[in-house]
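Reader: Please show me how to read a model like this one, feature by feature.

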Amino acid sequence: MDRSQAKQCAKELLKQMTVEEKIAQMVQVSYADVTREEALQWAKRGAGSFLHVLGDNAREIQKAAGQSRLGIPVIFGIDAIHGHGLNDHATIFPSQLASACGWDPESVRRMGEVTAREVATDGLHWTFSPVLCLGRDTRWGRVDETFGEDPYLAGELGAAIVRGYQGDDLADDEHILACAKHYLGYGEATGGRDSYDTEVTERKIREVFLPPFRKAVEAGCATIMTAYGSIDGVPLTASRRLMHDILRDELGFDGFVVTDWDNMNNLRNRQMVSTDLSDAAVKTANAGNDMIMVSLEFYEAMLQAVQEGKADMASIDEAVTHILTIKYEMGLFEKPEKTGKPGCFGCEEHLDAALDTSRKSVTMLKNEGMLPLGDGIRRVAVIGANADDVHAQYGDWTYFTHPRPDPEHTPVRPYVTLWEGIRAICERRGIEAVYEKGCSVLPDDGDDLEAAVRAASSADVIVYAVGDVIAQFGETHDRADLNLSGRQYELFRRLKETGKPVCTVLIASKPLCLNETAEQADAVLCGFNGGMFGGQALAEAIFGELNPSGRLPISFPRHSGQLPVYYSQLPGWHGGKYCDLPDSPLYAFGEGMGFSAFTYSGLTVDDDLLLTVDVTNTGRTAGKETIQVYFRDDVSSLVTPVRRLIAFTQADLMPGETRRVSIQLNKESFALIDQNCETAVEPGTFTVYAGHSSKEEDLLSTSIVL
Ligand code: NOJ
């Protein structure tokens, strides 16, 4: 049934509901935080949704909901963030940040599709994904969950994954609801501190943070999650302007909104804008939150508000209508459980999709002739804790980390760590390979630098994995210091002293300050949290079985004090430098190299805004180039970014091949948000850039007049 028919049904059902049933429908219960009996009671009372419950437990809840007076089906939500990772047999993809390195909407769409199928097979309906916050202050603990720093790239990939999750029909057995989160500005909270206030104006919200959500809404995203924090002192949970006026009236969002974890209680407990829970409940509902995640107090508090005449029944009715509409559209009243595709967990098709995404995520940032490792190599030393740690490779939001952190959970195969990937290739090629951890990521008594140096000394080359571990990232785990922790720099120095070439490999949640481990390395590869096959993909790149084609979706700082270093900064006039550090990032947005090299020529943009440029593979290997298009508004009514990404495409080129690449631009891409918060393309000249990365030296430019 389509959305308008579903809305009609929802309105009819609403007429039969008591106030208690309506309020219960707005409640979302965390299964892990109540007893089984309490969960069943909530289901019978008519709770609208449960989260973090799988398989038979979910079925039992659904059955209990069927026994409630109106038998309204429950909707089950889960954090299937990069694969359905809370189920230990699921296919685990690279993190959003790692998958964004592929700059490939199609592989991200497929990641959504595979995830949806596995989630649906567990009988669930809804994933709290994608994250459309931007990773611009990389001290923030959740940068791994973003598609990087840029609104355009995040919007393109966000829309793609939404399409993958939802397919064409929400009633389809293999598709689920997406949830674009966290609305809004969460990623740029002051100081990179999780859930804090974001000091931005509405103009900047519209220019930077809103566009990815707009694209998700245009892609049909059925649900949105409200962020924890506040913007300029207004809690998102209580912002009717953002939740209702902008999201629904302007963007045309027509699904339902769920709060983040316990947002309602925190209006009173942390943000101190409510005197009591009843007031918090009313503010939450009036702002436009339809479903209340885990604040079970909402039920009594809202009932009290209704009894005291303080509640706005229209807000409650609207919220319930939004939720029921989606339930009807999903066909849950006829068939409350999705069947998914039995047997699909870890099937060949799904594993292939994960491997493909991992391969596309591998980003080479430096190569001074070391890679690919060639015929002369007899012995390889692999060093570093993250080279053989599936936890580090998976990152956040898997069965090791949620809903209760369980690092002891036995890792379920198949997965391939970097060490295992290298060992497998070495075995095949008759090369000797040794592994020594050397040091842990966090300081550890078991560190044995000498053993690592011994192993390295007798090898021809060294592959050294550096990075972070889950204690250093994720929700509430922001870092003030992005330097490598423990003895990772010291170990690098010791390895360098052996005189052997060193390839540094970053297996981490985000850009860390690599410093000498990059500057003095012979090669640098970035894998972030590469999923099940992240290690295999990196190993293939090291041996040239994969020509790395990843491009950074985020800039690397040289030092935490340099943050933010995102590329689309506004210009200043004293050079923007520190006295003690360059202004440039260590690696810039869009950077990445392969074993082939590309040159650009003949950039033109015609009157219809058709951009054309010739791209040549000047290398001796076939390779994939990502053609990136940026612009600058030459003169405008307010200060605008030095460059902004407005388009990209990819081309696979054979050695020596030149391809004429055309990209249709559109006038709206050149808009700014003016001082009145209106979207406008201000007439005048614009510089259009096309090339290999966001760095000036990697771009050709031409001028257009609009
Ligand atoms: C809190 C997180 O901020 C959000 O991203 C997640 O979806 C919910 N918890 C549910 O686990």
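Author: Contact here means heavy atoms within 4.5 Å. Helices (H or I, at least four residues) and strands (E, at least two) are DSSP runs, numbered from the N terminus. This is a predicted model, where local features need pLDDT of at least 70, side-chain atom pairs count only at pLDDT 80 or more, and totals for chains, interfaces and linings use all residues. Residues are numbered from 1 along each chain as its sequence is written, and side-chain values use heavy atoms, with hydrogens and water left out.

Reader: Which residues of α3 meet which residues of α4?

Author: From α3 come Arg36, Ala39, Leu40, Ala43 and Lys44, and they meet Glu60, Ile61, Ala64 and Ala65 of α4. By class, that contact has six nonpolar, no polar and three charged residues. Ala, Val, Leu, Ile, Met, Phe, Trp, Tyr, Cys and Pro count as nonpolar, Asp, Glu, Lys and Arg as charged, and the others, Gly among them, as polar.

Reader: At what angle do helix α3 and helix α4 pack, and how far apart are their axes?

Author: Two packed helices are described by the angle between their axes and the distance between the axes. Axes are lines fitted to C-alpha atoms, for helices over the stretch in contact, and angles run from 0 to 180 degrees between N-to-C directions. Helix α3 (residues 36–45) packs on helix α4 (residues 55–66) at about 40°, with the axes 7 Å apart. That makes α3 oblique to α4 (under 35 degrees is roughly parallel, over 145 roughly antiparallel, 65 to 115 roughly perpendicular, the rest oblique). The crossing of α3 and α4 is right-handed; a crossing is left-handed if the near helix is turned anticlockwise from the far one by less than a right angle, and right-handed if clockwise.

Reader: How do helix α8 and helix α9 pack?

Author: The angle between α8 (residues 202–218) and α9 (residues 240–250) is about 55°, and their axes are 12 Å apart. That makes α8 oblique to α9. The crossing of α8 past α9 is right-handed. Glu202, Ile205, Arg206, Leu210 and Val217 of α8 make the contact with Arg241, Leu242, Ile246, Leu247 and Glu250 of α9. This contact of α8 with α9 has six nonpolar, no polar and four charged residues.

Reader: Is the crossing of α6 and α14 left-handed or right-handed?

Author: α6 passes α14 in a left-handed crossing. The angle between helix α6 (residues 105–121) and helix α14 (residues 348–361) is about 145°, with 10 Å between the axes. On α6 the contact uses Ser107, Arg110, Met111, Val114, Arg117 and Glu118, and on α14 Glu349, His350, Ala353, Asp356, Thr357 and Lys360. Its residues divide into three nonpolar, three polar and six charged.

Reader: What is the omega of the cis peptide bond between His402 and Pro403?

Author: Most residues other than glycine have a negative phi, and most peptide bonds are trans. The cis bond joining His402 and Pro403 has omega of about -10°, and Pro403 is in the loop between α15 (390–394) and α16 (418–429). The bond from Arg413 to Pro414 is cis, with omega near 10°, and Pro414 is in the loop between α15 and α16. Phe528, not a glycine, has a positive phi of about 45°, in the loop between β17 (523–526) and α20 (534–542).
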